[in-house]
Amino acid sequence: MNGVQLGARFSIATNRLRFCGPDEAEPLLFRAIVEGRDIQAAGGALLKFEALEPYLTAIAEKNGRNPLDHEVAEAYWIGNELLDDFTRDDFRRLLERLRRKGLPGPVARTLADHLPKRPIPHHMFHVAYVGVGSVTGHVETTLDNMDKCRPSWARVVRADGANLYVERPGLALEAGRLVIGLTRAHKVPFDPRILPGVHEGDWVAIHWDWPAIVLETEDLGHLQEYTRRSLDAANEALLALRVL
């Protein structure tokens, strides 16, 4: 799986919902995932996603990579060592990129002034601190939407036709902190062409109620670890802002 295909797996759900990205992106992303076709066109579409491109570009520039490299997409959506050395100054530059994509200027300045010691350019940190829907304005920033937007892990209990029955921990607010809360049963739609052979006991990553990939053991550990780091950083900053 290359970086375009990995990014497409997480991005296709929000494009279908018309939350972000160009209107014509969905069929390109689908063909890239399922058929391995239109990779260049799908990559170009991903770089037009308003909140995604600034993160991919920032991670790539920090590490001497291409924004569409597999390791760059993996860093943003799952988590890896490419995120480890980001500084407040790096993230302030990222916020400026987000401002140019639609993040309101006053919001960008407030966020830049209250960054945690170790901001992390992971999608969980974006959701928790920058805010779901903050760049495009297409999604209301609620706890439920934050939970749907974060890349989450879930264990497959049963695959049945076009649905997966999974057990998934939710995002919760406890004593003024965002935390990973109780695990509950969920039914989510899936496309067997995108996740062929998924079966009971597999772990999957879910974005906006869409199972994007099957997580190998190392991937699951990385997603859990970088989610924890992202929440720790976001809670530190949000406490300073006194918004939780």
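Asp-90 is buried, at a relative accessible area of 10% (buried means under 20% relative accessible area, exposed over 50%, and partly exposed in between, with a 1.4 Å probe and protein chains only). The structure is a predicted model, where local features need pLDDT of at least 70 and side-chain atom pairs count only at pLDDT 80 or more, while totals for chains, interfaces and linings use all residues. Residues are numbered from 1 along each chain as its sequence is written, and side-chain values use heavy atoms, with hydrogens and water left out.

Back to Asp-90: its side chain meets that of Lys-62 in a salt bridge, at 2.8 Å from N to O (a salt bridge is a side-chain nitrogen of Lys or Arg within 4 Å of a carboxyl oxygen of Asp or Glu). Asp-90 belongs to helix H6 (residues 88-101) and Lys-62 to helix H4 (residues 52-63), so this pair ties together parts that lie 28 residues apart in sequence. Helices here are DSSP runs (H or I, at least four residues), as are strands (E, at least two), numbered from the N terminus. Lys-62 itself counts as partly exposed, with 36% relative accessibility.

The side chains of Arg-100 and Glu-96 meet at 3.6 Å, N to O, and the two residues, 4 apart in helix H6, are separated by about one helical turn. Arg-100 is exposed, with a relative accessible area of 57%, whereas Glu-96 is partly exposed at 30%. Elsewhere, salt bridges that share partners link Asp-84, Arg-177, Glu-225, Arg-228, Arg-229 and Asp-232 into one network. A further pair is Asp-23 with Arg-18, whose side chains meet in a salt bridge of 3.8 Å, N to O. Here Asp-23 is exposed, at a relative accessible area of 53%, and Arg-18 is partly exposed, at 42% relative accessibility. In total, the structure holds 22 salt bridges.

Next comes the packing of two helices. Helix H2 (residues 25-34) packs with helix H3 (residues 39-46) at an angle of about 130°, and their axes are 9 Å apart. That angle makes H2 oblique to H3 (under 35 degrees counts as roughly parallel, over 145 as roughly antiparallel, 65 to 115 as roughly perpendicular, and the rest as oblique). Axes are lines fitted to C-alpha atoms, for helices over the stretch in contact, and angles run from 0 to 180 degrees between N-to-C directions. On the H2 side, Ala-25, Leu-28, Leu-29 and Ala-32 make the contact, and on the H3 side Ile-39, Ala-41, Ala-42, Ala-45 and Leu-46 do so (contact means heavy atoms within 4.5 Å). Sorted by type, the residues of this contact come out as 9 nonpolar, no polar and no charged. For that sorting, Ala, Val, Leu, Ile, Met, Phe, Trp, Tyr, Cys and Pro count as nonpolar, Asp, Glu, Lys and Arg as charged, and the others, Gly among them, as polar.

Gln-5 sits in helix H1 (residues 3-16) and is buried, with a relative accessible area of 14%. Setting aside neighbours within four places in sequence, Gln-5 is in contact with Ala-32, Ile-33, Gly-36 and Ile-39. Of these, Ala-32 and Ile-39 also take part in the contact between H2 and H3.

Arg-242 is found in the segment after helix H10 (217-241). Arg-242 counts as exposed, at 74% relative accessibility. From Arg-242 to Asn-145 there are 97 residues in sequence and 20 Å in space, C-alpha to C-alpha.
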